[in-house]
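Q: I am new to protein models and would like to learn how to read one. Could you walk me through it step by step?

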Amino acid sequence: MDRQFKKQEAQWQKEEDARIKLMYDVYNARERDILNRQAEKKEEDARKIVERDALTKQIEEYEEELRKKRLQEYERNKSHQKVIVSQMENKKNTQKRELEE
C-alpha cells in the first residue's frame, strides 16, 4: 500500500507540475499576445501620424496653390480693368479732341 501510495503521489506531483507548466505557458502566450497587440497599435498609430502629416501637407499645398491662383486672377482682373480704363480715357480724349476740332 505504501508503494502504491508513493506511486499515486508521484503521479499527482507530475500532474501538478504539468498544470503549473501549462499555466506558465498560457501566461507567457497571453503576455506575447498583449505585447504583439501593443506593438501593432504603436505601428498603427505611427502609420496614422504619417498619413495625417501627408494629408496636412497636401492640404497646405492645395491651399497655397489656390491662393496663388486667386492672386493671379486678381492681378489679371486688375490688368483688364486698367486696360478698360485706359481705353475709356482714350475714347474720352478722342471725343474731346473731335469736339474741339
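A: Gladly! Let us start with one residue. K41 has 52% relative accessibility, so K41 counts as exposed, since the cut-off for that word is over 50%. Please keep in mind that this is a predicted model.

Q: Thanks! What does K41 form a salt bridge with?

A: The general idea is to look for a side-chain nitrogen of Lys or Arg within 4 Å of a carboxyl oxygen of Asp or Glu. Here K41 pairs with D45, and the closest N and O atoms are 3.2 Å apart. Both residues lie in helix α1, 4 residues apart, which is about one turn of the helix. D45 has 31% relative accessibility, so D45 counts as partly exposed.

Q: How many salt bridges does a search of the whole structure find?

A: The search finds 7. One of them joins the side chains of K21 and D25, at 3.2 Å from N to O. K21 and D25 also both sit in helix α1, 4 residues apart, or about one turn of the helix. Another joins the side chains of R52 and D53, with 3.9 Å from N to O.

Q: Are K21 and D25 exposed or partly exposed?

A: K21 counts as exposed because its relative accessibility is 53%. D25 is at 35%, so D25 counts as partly exposed. For D53, the partner of R52, the value is 43%, and therefore D53 counts as partly exposed too.

Q: How many helices and strands are there in the protein chain?

A: There are 1 helix and 0 strands. The helix is α1, and it covers residues 2–100. Among the residues found in helix α1 are M23, E64 and E65.

Q: How can I tell what overall form the chain has?

A: One way is to set its radius of gyration beside that of a compact globule. For 101 residues, such a globule would have a radius near 13 Å, but this protein chain has 43 Å.

Q: What share of the residues of the protein chain count as buried?

A: Of the 101 residues, 0% count as buried.

Q: Which residues make the nonpolar surface patch?

A: The patch is made by I20, L22, M23, Y24, V26 and Y27, and its area is about 600 Å². Take M23 as an example: its relative accessibility is 38%, so M23 counts as partly exposed.

Q: Last one: how many positive and negative side chains does the protein chain have?

A: It has 26 positive and 25 negative side chains. To see how the two sets are placed, compare their centres, which lie 1 Å apart in this chain.

Terms used
Residues numbered from 1 in each chain as written. Predicted model: local features only at pLDDT ≥ 70, side-chain atom pairs only at ≥ 80, totals over all residues. Heavy atoms only, no water. Helix = DSSP H or I, 4+ residues; strand = E, 2+ residues; numbered from the N terminus. Buried < 20%, exposed > 50% of the residue type's maximum accessible area, 1.4 Å probe, protein only. Patch = residues over 30% accessible without salt bridge, like charges linked within 9 Å, V, L, I, M, F, W, Y side chains within 5 Å. Areas by Shrake-Rupley, 256 points an atom, 1.4 Å probe, with all protein chains shown as cover. Rg over C-alpha atoms; globule rule 2.2 N^0.38 Å. Lys, Arg positive; Asp, Glu negative; His and termini not counted. Charge placed at Lys NZ, Arg CZ, Asp CG, Glu CD.
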